[in-house]
There are 2 protein chains.
Amino acid sequence: MTTTSAPATGHDDHAGPDDATTARVDVAGLAELLLGRWPEERRRARARAGEPYYAKDESLTPAEHRERTLEQMRAMVASDDKLSWLAFPERLGGFDKPGANLACFTELVAADPSLQIKSGVQWGLFGAAILHLGTPEQQDRLLPGAMDLSVPGAFAMTETGHGSDVDSIGTTATYDPATEEFVLHTPFRGAWKDYLGNAAVHATAATVFAQLITNGVNHGVHCFYVPIREVAPDGSAGAFLPGVGGEDDGLKGGLRGIDNGRLHFDHVRVPRTDLLARYGSVAADGTYSSPIDSPGRRFFTMLGSLVQGRVSLDGSAVTAAKLGLAIAVRYGAERRQFAGSTGEEVVLLDYATHRRRLFPRIAEAYAGHFANERLLDLFDDVFSGAQDTPERREDLETTAAALKSTSTAFALDTLQECREACGGAGFLTENRITSLRADLDVYATFEGDNTVLAQLVAKRLVADYGREVKGATRTPAGMARFVVERATSAALHRTGLRRASQALLDVGDPRRAAGHLRDAATQRELLADRVATMVEEVAQAMRPALKAEPVEAARILDENQTALVEAARVHADLLRWEAFTEALETIEDTGTRLIMTWVRDVFGLTVIERNLTWYLLHGRLSDQRARTVTGYVDRLLRRLRPHAVDLVDAWGYGQEHLRAQISSGAEAERQDEARAYYQALRASGNAPVSEKALRKKAQKQR
Amino acid sequence: MTTTSAPATGHDDHAGPDDATTARVDVAGLAELLLGRWPEERRRARARAGEPYYAKDESLTPAEHRERTLEQMRAMVASDDKLSWLAFPERLGGFDKPGANLACFTELVAADPSLQIKSGVQWGLFGAAILHLGTPEQQDRLLPGAMDLSVPGAFAMTETGHGSDVDSIGTTATYDPATEEFVLHTPFRGAWKDYLGNAAVHATAATVFAQLITNGVNHGVHCFYVPIREVAPDGSAGAFLPGVGGEDDGLKGGLRGIDNGRLHFDHVRVPRTDLLARYGSVAADGTYSSPIDSPGRRFFTMLGSLVQGRVSLDGSAVTAAKLGLAIAVRYGAERRQFAGSTGEEVVLLDYATHRRRLFPRIAEAYAGHFANERLLDLFDDVFSGAQDTPERREDLETTAAALKSTSTAFALDTLQECREACGGAGFLTENRITSLRADLDVYATFEGDNTVLAQLVAKRLVADYGREVKGATRTPAGMARFVVERATSAALHRTGLRRASQALLDVGDPRRAAGHLRDAATQRELLADRVATMVEEVAQAMRPALKAEPVEAARILDENQTALVEAARVHADLLRWEAFTEALETIEDTGTRLIMTWVRDVFGLTVIERNLTWYLLHGRLSDQRARTVTGYVDRLLRRLRPHAVDLVDAWGYGQEHLRAQISSGAEAERQDEARAYYQALRASGNAPVSEKALRKKAQKQR
């Protein structure tokens, strides 16, 4: 990495070593690299997302949009490539490629998020429930209909009364040995299944989660395959089957191409063999058995097998942020507003505020991209069976929760900033961003509410910390690194000596301090140390809760809840920074690597800048060094200015994906026309003189 | 104010002096106070906003929604109260009550933001342009049609190529003395008028801004009254008049009940007498004259007369945030998720993270409310003529820009937080928040892009600072206070002595430091000092630009642009804090004042908390004191917990305004039903026993 050893470049825009002024992004090369581990599949999925047939049609009514989305899914099934089947077993026509499947799914957001999420419901939830919770026999029997869409399905887990707390759902499935059936029942309104994609109109079956009761014992939440609607002769969904009812969730803030709805069951009989029985089954006489003894671990194993939703939303959120940024950056590189020092109007990207709004987000999108690539690796390792260990599974779940909760929040915030950075034009649907943002909104709360996920992450970090302290268990890979980091530097921090010595060193040229900040090792230490220290602090603060009375324990948890959530976010920052830094080593082109190192530095340093208070209060940065962070980031942003369009182009989304009027070059054309008009007018000698100019002239003559 | 002298209450939820545990919000009394200066008008406007006839109908197509909005406006005109005419002259049937008019306008957002903004276009922009830029003769001739909606109008200022930079628009109005007409012309595509409400369908006339050219001189931007469409026999808009063209802006991210569109003019002839001539007129022979000599000051005076848009958006944004918060807080007070220490599920508001998400925003909404009340005062003083001085006008414009840019950003951010705090339910249109947020989105960029407005504010603050330093001019009221503050404490800060002594004092009980932070004088000093110091720093950093070459000057500006924007935001924080603190004195009920003082403290301290890095790096807070801020805020939030619903109820919006299923009490009903079910089940003796409980029992027996 060239920059870490390069001398400080001062505040001049492009001053510095020769390669810093001549470096250019190899857009095609970087784009190729970003295709990741399954380049062919991803390329095909991206090409599909750019086809007009799959593009979101903003003119449709919600009802029309729903039908069109289903049609598009049928077209995907009918296509030769069968990308929707990548994750399914080869023996059923699939490809057994779980990672490639999610990479392709991620691309679909560029076509229409409704198409993506309705596909996700069908193949990633309904189908995946059969795949991961069913026995081989059940897969053979039930998957083909889910795969080929002859059975559109709903994934009936969430209830009106219980979302994140799946364990507490109210729906019951009580075994009746007399008929060898489960009796599926909704005991009260709060137990209606709710927000289910496909449930309002299209689904003819559902995978329904319910409390399994047999012989008077509740064995906890299990999943049942349940036909819910008649199938009309043309294959479409007809009336509800006896005992099944429901209603339409109606309009939503976005994703209007999906028919979300509610379902309820009145003593509906489900054959014993339609309990998806991989993790728990009931014999004819009602005896329950499970390969997993502990009901708690069984429950989390079942839910954990559905982690792919979070993994794929993480990648999709990053993709959506990229689309918004590509539109805003392309427009910002053309649009001019207010005359500058030369009299000519200034391009938006030449304003410091505009760079501040967009460039750190370009950096964060790259960080999110590389982190998702690593998450896909981890996912594929586990679900392909290559490295399916409990530790890897736990690491996968924690990482997915950390990244999903971070990237979906990032995407919404970024799309909003992009929309505002495009002014009034950004508000028009023809410029795409508001539409994309509305659709992405629910990504923040579905497949795990972001705040709940962050707590899940933090609690695992704290538990790992406890295990590490006891030395009883090896920590998962993600934890190990920062604990090592922490260990090597903790002594110094703890004594406060470090702060004192750093303060001494920092006296003098602030640029020297900045030079240090762009050192990758410094960034890593600052980021990793923060995670380790926060986890340690929370762990210690919560320790008394273990022995406290319930009410006091609740108070202690309450006092530390905000810190828990923050620790999870900080963990995600470190994960993303590490992924970005690792990825830098795979960039062969020197100029590209140099520029991407600046981008990585922008990510690392803006994360540190956001949390400067923490670094100051914990004595990790001296006042003097802290003061240099913002100035150094601003210089980096100026240095990235000439590469901004290249950096968003390298994401590989063309106008067929962006589909915004303002990303089409139309603004530059309009400006050329205006410029030509004024030039011709001046040349004609008929140009009016301005009153302002006349008065200035008159004043001078006075 | 009771709290400032009360002893520190420790970390226990409700411990403290007696009045702190018994204090309750007098909801009705506070609601009455919040009605402000024009309670009768505001009450009537709010009642209208709660009538089903005016409620947003989410089921309409965009085309239907546009027609319905126009119908609603006609009904408003036909109503007895004529609230839409409050700002217009008595001689024309109005009431000459500019402040009351905006107070009422603000309430309309609760009905349907499309209705509000389309009304704003008709009466607040099209009508206001005639009122403020026209002569009395023109008012008499043109206002009645605008007032009674017989002439729906567009306000044609913004062009595709120029938004914030109105000075540079391309449309020309060239005077032709032969016919005593202006020739209105759009010379190129970038000069098309764009984003204009009413322009796509309903407008039959427009107030068009164009470069006024006569006798070969361009006198800058002026406004012209221009019929644009034929009027059909039924009074509706027909085809474009000759020379006028345009197109529909199509779908937008929100406000779909408004027909925004584009207009262009091909040598359209406008009678000389239809130049709105208050600030500039052309004699028959083409001689231009104006009561304002300087073209620059003339331009800003004309634009300044239209400041009401910003004032009213500020209030509307605060209102929208209140609606979102009222929905989320009411739901958060009922909704339960995950079992707590007693086994019962915990109400969302009892989670620390949930309080952190919502309560500081309740405080900020109150701060925004009181600041808007003061802004309305200022506006009414100027526009009623009571105190129409150049200084007051300038103060009004600066304050409006500061508050509008702050409150619209706050509203969007708050609505998003509220929507996420309601989980999946928040995404459903039946729960209102996503719909409100989509409509509010454009408030961030219309009537002045927020980033541009912030710079306008900061530049005025810097200019005022320059004048203050020179001692040449009195600073406007808003500036004076903080400069005084700065002066009294600057010496100490500058030497760093203060920091050192404070650090010494802080050693010991951190709660003592927190006690100090809730002192109003401390909060004021911290907030005011930050504004003064930032303005001073930016002013000094930019001083070299005055004597520099253009390119160097541009570089200096660029380096300080981010700080300028930040200074403006900080100024708005101080304005809101001051307004809140002043308002506290008007609350007579002791309990209410006590609780509202906590709310004010939450606002002040969360602002300080957000900017803690600055306070640390500028030596304004010791590390030790800074460390107490977050803990103290958290304690305040816990203390506010029992009053949260009262605090949002006091805003005066009932279910007829909130119109969200989740704010109706339905959630509590569902929980009661579920609870009753489980109780009956337990009583019946048929309740299944959980496998978990069985295993625990078995383990104990082993």
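Reader: Is Phe299(B) buried or exposed?

Author: Phe299(B) counts as buried because its relative accessible area is 10% (buried is under 20%, exposed over 50% and partly exposed in between, with a 1.4 Å probe and protein chains only). The model is predicted, so local features need pLDDT of at least 70 and side-chain atom pairs pLDDT 80 or more, while totals for chains, interfaces and linings use all residues. Residues are numbered from 1 along each chain as written, chains are lettered from A and ligands numbered from 1 in written order, and side-chain values use heavy atoms without hydrogens or water.

Reader: How many aromatic pairs are found over all chains?

Author: Rings of Phe, Tyr and Trp (its six-membered ring) pair when their centres lie within 6.5 Å; planes under 30 degrees apart are stacked, over 60 edge-to-face, the rest tilted. The whole structure holds 32 such pairs. One of them joins Tyr53(A) and Tyr54(A) edge-to-face, with centres 4.9 Å apart and planes at 85°. Tyr53(A) is partly exposed at 36% relative accessibility, whereas Tyr54(A) is buried at 4%. Phe299(B) and Phe300(B) also pair edge-to-face, at 5.2 Å between centres and 70° between planes. Phe300(B) is partly exposed, at 49% relative accessibility. In chain A, Tyr366(A), Phe370(A), Phe580(A) and Trp651(A) form one aromatic cluster.

Reader: What area is buried between domain 1 and domain 3 of chain A?

Author: Buried area is the accessible area (1.4 Å probe) that two parts lose on being put together, summed over both. Between these domains of chain A it is about 410 Å², with carbon and sulfur atoms giving 55%. In domain 1 of chain A, Ala438(A), Asp439(A) and Val452(A) lose the most area to domain 3, together 59% of what that side buries.
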